[in-house]
Amino acid sequence: ADVLQVEEAVDRTRGEIEVTEAEQKMLSNQIALATVQLNISEEFKAPLEGNAAPVRIRLRNAAVEGYRNVVEGIISVVAFLLSNGPALLIALAIASVPVRWLWRRWQDGRLPSIG
């Protein structure tokens, strides 16, 4: 009788092991097919400032910022002309030939006037 009880307990344990292994296999397949979506966001809350800068300092900062903007604008224009100037000069030279030819014909009266 004791041997039968042990055999039943072993069979029951084997059945539980098989069920557990099947569940583990199913869960591992679900993990392999799982998709993780993560959204991260931060809410910005401006710090509460008790005292604002005096008017004199704000005006000085505005003047400095204006000066920087003017200097940056001039530097940007100079950089643009240096990088694109040769191409613009060539295009202008090419375009000036037909314009001068048409201007001379119009001045000589060989082209009809517009209007």
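Mentor: Buried means under 20% relative accessible area, exposed means over 50%, and partly exposed lies in between, with a 1.4 Å probe and protein chains only. This is a predicted model, in which local features need pLDDT of at least 70 and side-chain atom pairs count only at pLDDT 80 or more, while totals for chains, interfaces and linings use all residues. Residues are numbered from 1 along each chain as its sequence is written, and side-chain values use heavy atoms, with hydrogens and water left out.

Trainee: Why is Arg 14 called exposed?

Mentor: Arg 14 has 51% relative accessibility, and the limit is over 50%, so Arg 14 counts as exposed.

Trainee: What makes the contact of Arg 14 and Asp 11 a salt bridge?

Mentor: A salt bridge requires a side-chain nitrogen of Lys or Arg within 4 Å of a carboxyl oxygen of Asp or Glu. The N to O distance here is 3.9 Å, so the pair qualifies. A search of the whole structure finds 1 salt bridge.

Trainee: Why is the pair of Trp 103 and Trp 106 called tilted?

Mentor: Rings of Phe, Tyr and Trp (its six-membered ring) pair if their centres lie within 6.5 Å; planes under 30 degrees apart count as stacked, over 60 as edge-to-face and the rest as tilted. The search finds 1 aromatic pair. The ring centres of Trp 103 and Trp 106 are 5.3 Å apart and the planes stand at 40°, so the pair is tilted.

Trainee: How do you know whether Trp 106 is exposed or partly exposed?

Mentor: Trp 106 has 41% relative accessibility, so Trp 106 counts as partly exposed.
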